[in-house]
Structure formats: C-alpha cells, structure tokens
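Subject: Structure handover

Hello,

Here is the structure you are taking over. Please open it first, then read the notes below.

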Amino acid sequence: YLIFVPDNAKTLQVYDTESKKVSSYIICDNEKIRRRCISAIIFHEKLWLFFAYSEHPTIIFDLETFDKEEFWGISEVLPPDILERKKAPVFWTPLRSSGKKVYGVIWNAGYIVEVDVTNRNVNIFTVQDKMNKLTALACNGDDLWLLEARNKTVMKWSIEKGIQARYTVAPEYLQTQSNQGNILIAGNKTIVLFDDCDYVFY
C-alpha cells in the first residue's frame, strides 16, 4: 500500500498497488477542531498520526484491519502552561522515532514528549536551560539533538545526562531571529535549517 496522510483533510487515502484502487478512511469529521497532522510513523502495522493541537487525539490506524483508534495519552499529561495555550500549537515540527519510542519537542517551550508505542506510556521531560524555546529535534540512539531556532542553537541532550553539548552558529548568521527551523541526522552529521537564511548548517 501507499498511504497518503492528510495535512488538514478529514481523511487519509490508501492506494493498493496490486488492485490499483484507492480507498478513503475518515480520520476526523469534527468541524470544530483543528486537524493539522504533523507526523505519520509506522510501528508493527499500525500507523500513528500525531497532530499539532491538543484538542485532536493521536490516531492509531491499523494497516491490516483499517480500523482507527483515538489515543489521548499525550493530551492527558501536558503541563498546565501548554494546555492553557489557546491558539499556539503543541507540535509544529515532525516527531521522530527511535526504536519503540517517539520523541517530539513542544513548540516554543522547554519540554520533550516521549511516547512508548508498545505500552503507550507518555512522559514529559523538561530541558533545564535558559534558552527553553525549543523548535525541533532529531534522534541519534539515546541522544537527542534539540534545536532552539530563535538563537540558532543546537543542544545534545539525553534523558539520563541532560545537556551534554551546545553549539551556536557563527555571529555573522545571528543578525536576524528565526521563528522556525528543522534538524535531522544524516550519516555522521547533524544538519540544521532555519527559516530566515539561505544556508545549511551541519
């Protein structure tokens, strides 16, 4: 199958490459909630759909039976200051998988969300740092690489050790402030992009 995941749509589309037929499955038909889908991650024939706003549950879509399940585990453990957000999203960049766990940064805050997709436990970790407006993350084994776009800073962080290293771009690239950025691991490099400049940093 090819799975076409919605951004703001109500449905996802499943294309059967053998029969060449497309089937449509409703993910959310509630017109009153925001549906921005941030990430789609597959574990053991289940597609996990993570959404930007806490008013929308995580959707677990079974790729064998095509049944869907709503999972509210993330919303149930969000810190009060995040639940009080009226317009701001919880997630605004993709969540990343590492083994049986999925990680995401709560956008523009100092929190990391960890979801264990086998037992469905959800943990929230606080990054103890004066620059706590996290934007994105990447996974590399037990280490997470955290991006703070506003100050163009990358931190190497782990649950056990906390912040192990910090890197900031050269001063000439700090003339403007980023609002968004993204980070990924490619081979032995950590690659970083910002929304306010034309450079790729690694």
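Two strands count as paired if DSSP finds at least two bridges between them. Helices (H or I, at least four residues) and strands (E, at least two) are DSSP runs, numbered from the N terminus.

A word on the source. This is a predicted model, in which local features need pLDDT of at least 70, side-chain atom pairs count only at pLDDT 80 or more, and totals for chains, interfaces and linings use all residues. Residues are numbered from 1 along each chain as its sequence is written, and side-chain values use heavy atoms, with hydrogens and water left out.

**Overall**

The protein has two helices and 18 strands. Its radius of gyration is 18 Å, close to the 17 Å that the globule rule gives for 202 residues, so the protein is as compact as a globular protein of that length. That radius is taken over C-alpha atoms, and the globule rule is 2.2 Å times the number of residues to the power 0.38. Along the principal axes, the C-alpha atoms fill a box of roughly 55 × 40 × 30 Å.

Of the 202 residues, 45% count as buried. Buried means under 20% relative accessible area, exposed means over 50%, and partly exposed is in between (1.4 Å probe, protein chains only). Contact means heavy atoms within 4.5 Å. Among contacts with a separation of 6 or more, 40% are between residues 24 or more positions apart.

Start at strand S1 (residues 2-4). It pairs with strand S2 (residues 11-16) in the antiparallel sense, over three bridges. Six residues lie between S1 and S2 in this hairpin. Leu2 has Tyr15 of S2 as its bridge partner.

S2 also pairs with strand S3 (residues 21-26), again antiparallel, over six bridges. Here Val14 stands opposite Ser23 in S3. The hairpin of S2 and S3 has four residues between the strands, and Lys20 in it takes a positive phi near 60°.

Most residues other than glycine have a negative phi, and most peptide bonds are trans.

Glu69 lies in strand S7 (residues 68-71). It is partly exposed, at 35% relative accessible area. Ile59 is ten residues away in sequence and 5.8 Å away in space, C-alpha to C-alpha. Leaving aside neighbours within four places in sequence, Glu69 is in contact with Thr58, Ile59, Ile60 and Arg120.

Arg120 sits in the loop between strand S10 (111-116) and strand S11 (122-126). Its phi is positive, about 65°, although it is not a glycine. Arg120 is partly exposed, with a relative accessible area of 27%.

Lys152 is in the loop between strand S13 (143-148) and S14. It is not a glycine either, yet has a positive phi of about 50°. Is Lys152 buried or exposed? It is buried, with a relative accessible area of 1%.

S14 and S15 run antiparallel and are joined by six bridges. A hairpin links them through three residues. Thr153 stands opposite Thr168 in S15.

**The largest pocket**

On a 1 Å grid over the protein atoms alone, a cavity is a set of points where a 1.4 Å probe fits but cannot get out, and a pocket is an open set with protein on both sides within 12 Å along at least five of seven lines; lining residues have an atom within 4 Å of a point. Grid points are joined across faces, edges and corners, and a volume is the space filled by probe spheres set on the points.

The largest pocket has a volume of about 270 Å³. It is lined by 17 residues, and Val154, Tyr167, Thr190, Val192 and Tyr202 are the closest to its centre. Strands S14 (153-158), S15 (162-168) and S17 (189-194) each supply at least two lining residues. S17 gives the largest share, four residues.

**The cavity**

How many cavities of 30 Å³ or more does a search of the whole structure find? It finds one. The largest cavity has a volume of about 90 Å³. Its lining has 15 residues, with Phe51, Tyr53, His56, Ile74 and Ser75 nearest the centre. Strand S5 (46-51) and helix H1 (73-77) each give two or more residues to this lining.

Best wishes
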